[in-house]
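Me: Please take a close look at one residue of this model and describe its surroundings. Then set that residue against the rest of the chain.

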Amino acid sequence: MKILLVLAGLVMLTACSGGPPPPDWKTDAADLIERYQKHALLGENILAERYFQQAVGATGGAGRVTETARLWLVRCATRRAMLIDDACAEYTELAGSAPNAADQAYYRFLTLRWEALDVALLPGQHRDLVRAPAVKRPEALSRIDDPLARLLDASLLVMRQEADAATLTLAAETASERGWRQPLLTYLKLQQQQAAARGDPTELDRLSRRIRLIEQSFTSPHR
């Protein structure tokens, strides 16, 4: 599931082609952070955390401060994509001793500090969203091809209170298409709140059925 590495790509743990094979700590960390993201998005939190700690152990065991900080940044991004208000505290603690301009820009992006942000330092899929005026950002969101980047950016718009109803729908359907039930459940419940505020019983019933299916999947064996 290489798509899950859209955020882990920032970590740059895997070697470029043509050179010597990467050391074990790099390949192990890259594999483990991918597994972390997969299981976190599925809502399998105990398993996800186990993989994340193993990834941190791989980079930490090699004494790699910058790479370990980036793993925490990936974790923060993954949680924020699921609308969890993570402050990225572990990243900032480690990054203080080994700052990196691109990582710092991504950190500011994740923590909603978009003013005076050097957009050129961001991963390409996020740049148009930040550059757009606030009223145009939901429209810019729909042009993001990568599902995980789209979900993350939708979540950040929600946190910035710049999301509209179409943003919630796009985020929910992005998560649904990928089978990412943890963020899907969150977004469906946000839509449910909106439907309740509008007094829309038909939409409430439709959303309730979807939510019930997802909640049942958390307790049903599926592997």
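Reply:
**A leucine and its setting**

Leu184 is buried, its relative accessible area being 8%; here buried means under 20% relative accessible area, exposed over 50% and partly exposed in between, with a 1.4 Å probe and protein chains only. The model is a predicted one, in which local features need pLDDT of at least 70 and side-chain atom pairs count only at pLDDT 80 or more, while totals for chains, interfaces and linings use all residues. Residues are numbered from 1 along each chain as its sequence is written, and side-chain values use heavy atoms, with hydrogens and water left out.

Leu184 belongs to helix H11, residues 181-198; helices (H or I, at least four residues) and strands (E, at least two) are DSSP runs numbered from the N terminus. Once neighbours within four places in sequence are set aside, Leu184 is in contact with Ala172, Ala175, Ser176, Arg210 and Ile214, contact meaning heavy atoms within 4.5 Å. Leu42 lies 142 residues from Leu184 in sequence, yet their C-alpha atoms are 9.4 Å apart in space.

Two other residues may be set beside this one. Asp103, in helix H6, is likewise buried, at 3% relative accessibility. Its C-alpha atom is 19 Å from that of Ser155, a residue 52 places away along the chain. Ala165, by contrast, is partly exposed at 46% relative accessibility and is found in helix H10, residues 165-178. Between the C-alpha atoms of Ala165 and Pro21 there are 47 Å, with 144 residues separating the two along the chain.

Two packed helices are described by the angle between their axes and the distance between the axes. Helix H4 (residues 65-81) packs against helix H9 (residues 147-159) at an angle of about 70 degrees, the axes being 8 Å apart. Such axes are lines fitted to C-alpha atoms, for helices over the stretch in contact, and angles run from 0 to 180 degrees between N-to-C directions. H4 and H9 are therefore roughly perpendicular, the class for 65 to 115 degrees, whereas angles under 35 count as roughly parallel, over 145 as roughly antiparallel and the rest as oblique. From H4, Ala77, Arg80 and Ala81 meet Leu148, Leu151, Leu152, Ser155, Leu156 and Met159 of H9. These residues comprise 7 nonpolar, 1 polar and 1 charged.

Backbone geometry marks two further leucines. Most residues other than glycine have a negative phi. Leu83, in the loop between H4 and helix H5 (89-95), has a positive phi of about 65 degrees. Leu112 also has a positive phi, near 70 degrees; this residue lies in the loop between helix H6 (101-110) and helix H7 (124-131) and is partly exposed, with a relative accessible area of 22%.

As for the whole chain, it has 12 helices and 0 strands. Its radius of gyration is 18 Å, close to the 17 Å that the globule rule gives for 223 residues, so the chain is as compact as a globular protein of that length. That radius is taken over C-alpha atoms, and the rule is 2.2 Å times the number of residues to the power 0.38. The C-alpha trace spans about 60 × 45 × 35 Å along its principal axes. Of the 223 residues, 45% count as buried. Among contacts between residues at least 6 apart in sequence, 59% join residues at least 24 apart.

How values were computed
Nonpolar A, V, L, I, M, F, W, Y, C, P; charged D, E, K, R; others polar.
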